[in-house]
Amino acid sequence: MSKLPKSALAARRHLSWRSAALSLLVTIATALVPTLASAGHAESYPDRAIKIVVPFPAGGPTDVVARLIAQSLSSNLGQNVVVENIAGAGGRIGAKAVASANPDGYTLLLGGTNVNAMLGVIYNNLPFDAMHSFSPVAAICVDSMVLAVSPQVAATTVQELVTYAKSHPGKLKYGAPPGIYTHFAGEFFKVKTGTDILFVPYKGAAPAITDALGGHIDMVFNPKSTLLTLIRENKLRALAVTSQARWPELPGTPTMNEVGVLGFPKEVWFGLLVPAGTAIAIVEKLNHAVNDGLRSADVRASLARLGVEPRVGTPQDFAAALAEQVQEWKVVIEATGIKFE
């Protein structure tokens, strides 16, 4: 085979180099298209209403926090932010709706301890991953629980309640939605005190509290944000709180540690999440809007009235808090021996 002249070889090498360079540029450009499109979308975001899904009925602690932060987000983002309650199955239905939603920043989940830290430990066959199907946006606040009884219950201390429960096994009733932290708090209390107290399942916290007020059930575990006002009005009686220290609002009510019931997780977290795959720029914009709201005097005053503490931080901070909650609640859930399919 005859050799090509040097000029022809040089021309071929030049064409080969140009072809390779062009191919590289096409590859880079192709890779940048979704990134640039995402950046452009994030730049104009939001250009329509945003929905916050609450996976529990209206009136419960998750719903209260969602409606408070929705007003703040609407003001900071310049768009309507609506709250939609998609209740049922201990939060799984609403969470699945968000996990399956378009990751465009317009469908948010008000989650935290209940949905993201606990469901993956409780259920063997979730239709989504409680942690990895979502991207944390921002924590909103932390709460803690109180064991409260109906005024019709004679016990005024945890010790008296335990004594009565042991001498009347199965007579006392407590209520909560199955598979959430208020349910497992009640079951953990039974394990730690060796009592037989009947569990009555409800679709949400609000109807359980209503039945406690009416004397249809005897006790509930619920956050400060939903029970503090009722306790102050003497409609329910507080026996102990799960926090590390006594509540400033109820200085006469001991902690669970003080009464010898040890091991309760000290905090319950609430925060916003989006479907996994949502653009980082959108997550960051939402994070800044949430944090700006949490720094405002009005929002902080509203949270203070609920008795909860704001938590300003990054998406990474919220992710780390949820990971820690998984470990804390895993201990509680395993102690109760309750698992769901």
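The secondary structure of this chain comes to 11 helices and 11 strands, where helices (H or I, at least four residues) and strands (E, at least two) are DSSP runs numbered from the N terminus. The model is a predicted one, in which local features need pLDDT of at least 70 and side-chain atom pairs count only at pLDDT 80 or more, while totals for chains, interfaces and linings use all residues. Residues are numbered from 1 along each chain as its sequence is written, and side-chain values use heavy atoms, with hydrogens and water left out.

Of the 341 residues of the chain, 50% count as buried, a word that stands for under 20% relative accessible area, with exposed meaning over 50% and partly exposed what lies in between (1.4 Å probe, protein chains only). Among the contacts between residues at least 6 apart in sequence, 77% join residues at least 24 apart, contact meaning heavy atoms within 4.5 Å.

Strand β4 (residues 134-143) is mostly covered, since 10 of its 10 residues are buried. Two strands pair if DSSP finds at least two bridges between them. With strand β10 (residues 268-275), β4 runs antiparallel and is joined by 8 bridges, and here P136 stands opposite L273 in β10. Strand β11 (residues 309-310) also runs antiparallel to β4, joined to it by 2 bridges, and V142 stands opposite E309 in β11.

Turning to the helices, two packed helices are described by the angle between their axes and the distance between the axes. Helix α2 (residues 61-77) and helix α10 (residues 297-306) pack at an angle of about 170 degrees, with axes 11 Å apart, which means that α2 is roughly antiparallel to α10 (angles over 145 degrees count as roughly antiparallel). The axes are lines fitted to C-alpha atoms, for helices over the stretch in contact, and angles run from 0 to 180 degrees between N-to-C directions. In this packing V64, L68 and S72 of α2 meet V299, S302, L303 and L306 of α10.

Rings of Phe, Tyr and Trp (its six-membered ring) pair if their centres lie within 6.5 Å, and planes under 30 degrees apart count as stacked, over 60 as edge-to-face and the rest as tilted. By this rule the count comes to 8 aromatic pairs. The rings of F128 and F134 have their centres 5.9 Å apart and their planes at 80 degrees, so this pair is edge-to-face, and both F128 and F134 are buried. Elsewhere, F188, F189, F221 and F264 form one aromatic cluster.

Conventions: Angles under 35 degrees count as roughly parallel, over 145 as roughly antiparallel, 65 to 115 as roughly perpendicular and the rest as oblique.
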